[in-house]
Amino acid sequence: MSYSVGQVAAFAGVTVRTLHHYDKAGLLSPSDRSRAGYRLYGEADLVRLQQILFYRELGFPLDEISAIFEDPQVDHLERLRARQRQLHEEIARLQRLAEVAERAIEVQKTGVSLTPQERFEVFGEVTFDLSYATEAELKWARSKGQRESMARAAAHTKEDWRRLMGEAAAWRAELLEAFDEGEPSDGERVMDLAEEHRLHIARWFTTCPPDMHRRIADDFVTDPRAFALVVPPSQQRPGLAAYTREAVHANAARHAGRAPAFEEDR
């Protein structure tokens with residue numbers, strides 16, 4: 001028995017245009033034509049369409065579906081298992097994003113709302129890149145320290161933020177002065193500044209042991225968005241991010257009573 005393109009579109013839940021596209025792509029061509037030249041689909045065509053729609057529902061792109069059908073050596077089960085793994089990873093990622101959204105909602109519910117002018121007064125040039133904040137939240141989502149940091153940040157009042165940013169600005173001025181004067185990153189003065197930064201995090205956000213501080217500082221040289229939270233771009237100097245990271249590592253080593261170790265040296 002044969003079916004017209006309209007009939008197949010109706011009971012398959014797709015559009016006629018989709019069937020035409022599958023035909024043009026060589027993915028599903030009707031096995032017959034009517035005397036008037038219209039496409040006619042047979043039972044085997046419907047089985048193939050069902051398989052195509054199954055793979056499409058699982059998120060397979062059309063070119064991969066075509067490759068699956070064309071290569072008899074393809075391990076369909078392994079393809080499905082691989083896709084299952086991807087879907088589980090995507091579900092986990094979306095769950096973490098949902099948690100990020102939930103925490104953002106909680107921050108909004110605290111009632112600490114700032115007008116654009118107030119935000120500039122408090123934060124100045126220091127900007128919080130939402131994409132970096134989201135990635136950081138996903139990266140450290142299971143960290144107790146991250147959860148504590150988010151909770152404490154949400155509880156800060158406008159006056160808390162003023163004090164916090166004032167401390168950060170004073171610390172930043174000292175760091176820039178030390179850098180401009182050529183102070184060594186592993187010297188006492190600069191290591192003391194690194195220690196001040198660590199204690200600042202602990203005072204306002206979360207307990208920050210030296211090893212955690214090292215991981216935070218590692219982001220300074222790999223992600224400009226992270227360092228922009230510490231030093232605004234207009235105040236940055238070439239090499240300053242690496243200098244700050246080196247100071248943090250040196251201070252962490254001082255706490256541990258050993259020489260600083262960087263990831264690239266291992």
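Modeller: D218 is buried, because its relative accessible area is 15% and buried means under 20% (exposed is over 50%, partly exposed in between, using a 1.4 Å probe and protein chains only). Keep in mind that this is a predicted model, where local features need pLDDT of at least 70 and side-chain atom pairs count only at pLDDT 80 or more, while totals for chains, interfaces and linings use all residues. Residues are numbered from 1 along each chain as its sequence is written, and side-chain values use heavy atoms, with hydrogens and water left out.

The partner of D218 is R245: their side chains form a salt bridge, 2.7 Å from N to O, where the term means a side-chain nitrogen of Lys or Arg within 4 Å of a carboxyl oxygen of Asp or Glu. That pair joins distant parts of the chain, with D218 in helix α11 (residues 210-222) and R245 in helix α13, 27 residues apart. Helices here are DSSP runs of H or I with at least four residues, numbered from the N terminus. R245 is buried too, at 8% relative accessibility.

Helix α13 (residues 240-256) also holds R254, which is 66 residues away from E188 in helix α10 (residues 188-204). R254 and E188 meet in a salt bridge at 3.1 Å, N to O. Here R254 is partly exposed at 33%, and E188 counts as exposed at 52%.

Elsewhere, R85 pairs with E78, their closest N and O atoms being 3.3 Å apart. A search of the whole structure turns up 13 salt bridges.

Methods
Helices (H or I, at least four residues) and strands (E, at least two) are DSSP runs, numbered from the N terminus.
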